[in-house]
Amino acid sequence: MIEDLINKLKGEIIRELEMENMTPEELDPEAPLFGEGGLGLDSIDVLELVVLLEQNYGLKIQASKEGREIFYSIRTIAEYIRAHQKE
Amino acid sequence: MRTQADPFPSKMELLITRYVKLQDGRVWLNGIVEYVSELGSANELFRSVYRHYRTDYPKFFKMDNLCKLAFLSAEILLRGTDVLQKYPAEQIGIILENASSSLEYDQKHLESVRDRDKYFPSPSVFVYTIPNIMVAEIAIRHQMKGENAVFISEQFDPELIDHYVSELFRNQRVSCCLSGWVECYRDHYQSFLFIIEEKDKIKRCKGVQEYVTLNILNVERLFKGKPI
């Protein structure tokens, strides 16, 4: 279930990005991760997410254009993991 | 050699207009204890100070302890002052010292790259493997764009600060400067941060304590909590 994966990702993101002031319930899986109105992550955070995908899911993000689509929201990350782990 | 045409004043009186200390679970502002905590670890204490001063800056939680300490010290120091409005951003400097540089995160980074089979260096750890990042965190928060530097010294060196900052003022590179000592390694932490301004540019308010002249002896006495 993708919802289970989203919940797992929320915990990993809070831990890895040290978002100590947030709970998984507060993280909207549809919200943009970057920019105004979103979670306000920065360029260091995106590098941390790249490492997270490689370390925890064995997925390497190669192209920055691809990365923009994958890292749009927590749901798009989960969808990418689900699609590529089946391969 | 100085000439009559030299535009730089050879002598200007610089004052310490406000100072803050964080040490041993206490926060002092201008020599008066403002906050006391019994929390043991540096990280727990910094988070409690953050909450006590009702700070709203989520990025704080991602900082290493050195930056948390520098950030909080600047936050408490600048609150209620008008220095950010009074001086152009390019004229506000930040000159700091410490002993351990960024050693705690240097070691953390080293651990993450030591094993070639589990080689996952963390970008958010790596970014703190330089002590100047504490200056950057203060500068970003308060939009300060003036001269800045971090000096590594075994002990707090008031002479270096007095000479370096005085020279910045004399050469008109700054009109205001945050300066002092921000040291943190594991649970040992100590900060002493102060604002330096030119006497001629300060309007003394009624009821405000006497400001302290910037010189080596006074800086050392304030650092040690001794009366001037």
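**Exercise 1. Determine whether the radius of gyration of chain A agrees with that of a compact globule.**

Solution. The radius of gyration is taken over C-alpha atoms, and the globule rule is 2.2 Å times the number of residues to the power 0.38. For 87 residues this rule gives a value near 12 Å; chain A has 12 Å, and therefore agrees with a compact globule. Along the principal axes, the C-alpha atoms of chain A fill a box of roughly 35 × 25 × 20 Å.

The model is predicted: local features need pLDDT of at least 70 and side-chain atom pairs pLDDT 80 or more, while totals for chains, interfaces and linings use all residues. Residues are numbered from 1 along each chain as its sequence is written, and chains are lettered from A in the order in which they are written.

**Exercise 2. State how helices α1 and α2 of chain B are arranged.**

Solution. First, locate the elements: α1(B) covers residues 42–52 and α2(B) residues 65–78. Helices are DSSP runs (H or I, at least four residues), numbered from the N terminus.

Next, take the geometry. The axes, lines fitted to C-alpha atoms over the stretch in contact, lie 10 Å apart at an angle of about 30°. Angles from 0 to 180 degrees are taken between N-to-C directions, and those under 35 degrees count as roughly parallel; α1(B) and α2(B) are therefore roughly parallel.

Finally, list the contacts (C-beta atoms, placed from the backbone, within 7 Å). From α1(B), B:Ala42, B:Asn43, B:Phe46, B:Val49 and B:Tyr50 meet B:Asn65, B:Lys68, B:Leu69 and B:Leu72 of α2(B).

**Exercise 3. Count the residues that each chain brings to the contact between chains A and B.**

Solution. Chain A supplies ten residues and chain B eight residues.

Technical notes
Two residues are in contact if their C-beta atoms, placed from the backbone, lie within 7 Å. Helices (H or I, at least four residues) and strands (E, at least two) are DSSP runs, numbered from the N terminus. Angles under 35 degrees count as roughly parallel, over 145 as roughly antiparallel, 65 to 115 as roughly perpendicular and the rest as oblique.
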